[in-house]
Amino acid sequence: MKELNVNGAVMKCYPLCAAQKLHNYTIRFCPSQVLCIGTGLYVQQEVDFGLLKRAIYKAYEMFETMRLRFIEDENGEVYQYITPFEERDIPLCDFSDRNEEDAHNEMRKWTALPFARYNSPMNQVIMIKLPNGYNGIYLKVDHMTMDSSSIIGFNRAVLEIYCSMRYGTEMPKPMKSYIKQLEKDLAYEADSPARKRDEKFWKEEIERDEPMYTDFSGQGRLLTQRRENNNPDQKWAMVVSRSPEASISVYSLEKDASMRLVKFCELYHVPMASLLLMGLRTVLSKFNDNEEDVSVKTCIARRGTLSEKYSGGTRIHFFPMRTIMKPEMTFLDGIHMIQAEQNKIFRHADYDPIELNIKRGQYWKLKPGASYESISLTYQPLTMNDNTKEMPDIPYKSMWYTNGVAGQPLYLTVMHRPEDNGLNFNFEYRKDAVTEYEMQYFYYYLCRVLFRGIEDKDRTIGEILEMI
Amino acid sequence: MLEKIKEIIVNYVEVNPDEITEESRFIEDIGLNSYDFMCMLGDIETEFDISVDESEIVNIRTVGEAIAYFESLKG
């Protein structure tokens with residue numbers, strides 16, 4: 001921590017944690033990158049916008065990270081600090097006389113506009129009137145200040161505070177301190193024994209043997225790059241691009257089908273993320289000549305303790321998850337293998353993922369921007385529904401808006417829909433790397449693998465690859 | 001050991017410690033997810049000065065099973 005002068009006031013300023021450095025690194029090396037996340041939360045009822053504005057201010061007061069800002073010191077190092085409570089303008093935007101898709105497109109445009117990086121607010125809330133009687137809020141945040149868990153928490157808090165003010169329901173519980181949690185993370189990063197233990201684990205993982213790149217669109221990318229580099233044994237591929245323009249395709253799995261996946265997980269005591277990873281790695285195997293060695297990037301939310309769950313901020317780390325599966329292995333055994341791998345990663349997930357990436361690149365002599373993973377998976381179990389609270393039965397819907405750019409070729413985020421708990425598969429893809437048709441094709445095969453697998457847990461991977 | 005484990009669990013989920021018994025299942029009854037569970041193991045390792053094997057804890061479902069496993073590690 002150091003004290004810096006912020007607009008004439010001396011503020012306590014803290015270095016960035018590893019999860020924030022990941023985003024800062026992206027901005028430094030890809031200046032056209034946008035770190036904004038846009039979301040919408042809309043209820044189908046008349047809204048008292050004066051009351052809603054008060055609820056939003058109250059939520060601002062509760063969430064330290066909604067008041068988080070950044071500053072550069074004299075050496076160009078980025079620091080962060082919390083501003084005292086401030087009442088920023090919260091405008092109302094009325095789209096009620098327009099087509100709903102136009103309204104969402106407008107909000108996508110807002111999401112593509114970055115925030116000023118220093119000494120300035122890193123989020124914006126706008127109250128929204130949509131057609132068809134839906135009203136609510138649009139929230140844009142900088143990813144260096146909040147991740148999806150924090151955003152869901154903030155949106156949920158606004159709704160709960162509003163309902164408490166209007167209907168007398170329970171207020172949300174107070175948040176935990178972001179700064180205390182940050183201090184814990186920074187203490188870990190400062191050469192702690194826990195960090196040394198994690199460093200040893202990841203070093204052994206890196207040096208095990210070289211992974212194999214498997215692309216979501218087949219072997220073309222790797223084979224082309226092998227020819228270009230005159231290296232028939234090349235196992236990595238360049239995945240970054242100077243053209244980061246991106247789009248999102250959302251595929252909704254029907255409620256009943258989604259519940260079949262949920263029930264399978266309950267019956268065999270396996271996490272949904274492990275099942276999804278099993279589906280994903282099997283499709284990648286299929287698209288890459290039944291390759292047995294498959295790696296994907298897996299997202300770890302890193303919110304175990306209640307202090308971590310309720311401190312806001314951005315905590316996500318991405319790690320490579322590699323599995324080598326023989327065709328004789330059964331679907332359920334494959335999921336168990338993934339579960340065991342995930343458990344190992346969970347135990348070492350505080351390690352800085354950028355440092356890991358750099359060390360892996362140095363060890364295997366990768367070019368900058370090269371990788372063994374073509375796709376990242378995030379499973380987000382949190383929804384706007386909090387079954388522990390009594391809330392009025394109001395129909396609502398939520399939206400995630402793309403900021404229009406992406407560093408990696410493909411991010412898959414699987415989330416539960418608030419209205420029926422069914423699964424939405426959000427594919428955010430870089431347009432120069434993937435087409436929408438390829439996304440549909442990938443999703444189709446992903447579903448085929450998942451349902452062939454869950455209808456017979458003892459079916460082997462080889463049999464599933466044959467069947468699909 | 002049960003009381004100590006209860007103290008650790010309440011750092012991870014909002015649960016009444018009095019409702020936690022040896023029969024309670026970590027996921028279904030207490031509401032931990034697999035990440036919570038693995039982090040909690042780290043706390044337990046520190047508290048009891050033991051080292052767990054990740055491949056052996058996959059089959060542990062209840063608090064009682066966990067206690068039996070940790071006791072076996074303590075020798």
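**Figure 1. The loop that holds A:Arg98 in the predicted model.** A:Arg98 sits in the loop that connects β6 (92–94) with α3 (100–111) of chain A. The structure shown here and in the views that follow is a predicted model. A:Arg98 counts as partly exposed because 14 C-beta neighbours fall inside 10 Å, whereas a buried residue would need 20 or more. Apart from neighbours within four places in sequence, the contacts of A:Arg98 are A:Ala103 and A:Pro131. A:Leu130 lies 32 residues away from A:Arg98 along the chain, yet the C-alpha atoms of A:Arg98 and A:Leu130 are separated by 7.9 Å.

**Figure 2. An open sheet of 5 strands in chain A.** The strand order is β6-β7-β8-β3-β15, and the pairing is mixed. β6 and β15 (396–401) of chain A are the edge strands; each has a single partner strand, so one side of each has no neighbour in the sheet. From one strand to the next the twist averages 20°. Within this sheet, β7 (residues 123–129) and β8 (residues 134–142) of chain A run antiparallel and are joined by 7 bridges. A:Asn123 is placed opposite A:Val141 of β8(A). Helix α2 (residues 49–62) of chain A lies across β6, β7 and β8 of chain A, and runs at about 160° to β7(A).

**Figure 3. The hairpin of β4 and β5 in chain A.** Strands β4 (residues 68–72) and β5 (residues 78–82) of chain A run antiparallel, with 5 bridges joining them. A:Glu72 has A:Val78 in β5(A) as its bridge partner. There are 5 residues between β4(A) and β5(A) in this hairpin. One of the residues in the turn, A:Gly76, has a positive phi of about 85°.

Figure 4. α4 (residues 148–167) of chain A has 20 residues. From its first C-alpha to its last, α4(A) reaches 28 Å, close to the 28 Å expected at 1.5 Å a residue. α4(A) is mostly covered, as 16 of its 20 residues are buried.

**Figure 5. The crossing of helices α6 and α12 in chain A.** The axes of α6 (residues 193–207) and α12 (residues 353–363) of chain A come within 10 Å and cross at roughly 35°. This crossing of α6(A) and α12(A) is right-handed. On the α6(A) side, A:Trp202, A:Ile206 and A:Glu207 take part; they meet A:Leu356, A:Lys359, A:Arg360 and A:Tyr363 of α12(A). By class, the residues of this contact divide into 4 nonpolar and 3 charged, with no polar residue.

Figure 6. The 16 residues of α9(A) should span 22 Å at 1.5 Å a residue, and its end C-alpha atoms are 23 Å apart, which agrees. Of the 16 residues of α9(A), 16 are buried, so the helix is largely enclosed by the rest of the structure. A:Asp289 follows α9(A) and has a positive phi, near 60°. A:Asn290 is in the loop between α9 (272–287) and β11 (293–300) of chain A. The phi of A:Asn290 is near 55°, which is a positive value in a residue other than glycine. A:Asn290 is partly exposed, with 13 other C-beta atoms within 10 Å.

Figure 7. A:Asn421 is located in the loop between β16 (410–416) and β17 (423–430) of chain A. Although A:Asn421 is not a glycine, it has a positive phi of about 65°. A:Asn421 counts as partly exposed because it has 13 C-beta neighbours inside 10 Å.

**Figure 8. The contact of chain B with chain A.** Contacts link 14 residues of chain B with 15 residues of chain A. On the side of chain B that touches chain A, α3 (34–48) and α4 (54–57) of chain B each supply at least two residues. α3(B) gives the largest share of that side, 6 residues. The side of chain B that touches chain A has 5 nonpolar, 5 polar and 4 charged residues.

Definitions and conventions: Residues numbered from 1 in each chain as written. Chains lettered and ligands numbered in written order. Predicted model: local features only at pLDDT ≥ 70, side-chain atom pairs only at ≥ 80, totals over all residues. Contact = placed C-beta atoms within 7 Å. Helix = DSSP H or I, 4+ residues; strand = E, 2+ residues; numbered from the N terminus. Nonpolar A, V, L, I, M, F, W, Y, C, P; charged D, E, K, R; others polar. Buried ≥ 20, exposed ≤ 12 C-beta atoms within 10 Å, placed from the backbone. Axes fitted to C-alpha atoms, helices over the stretch in contact; angles between N-to-C directions. Left-handed = near helix turned anticlockwise from the far one by under 90°. Pairing = 2+ DSSP bridges. Expected span 1.5 Å × (residues − 1).
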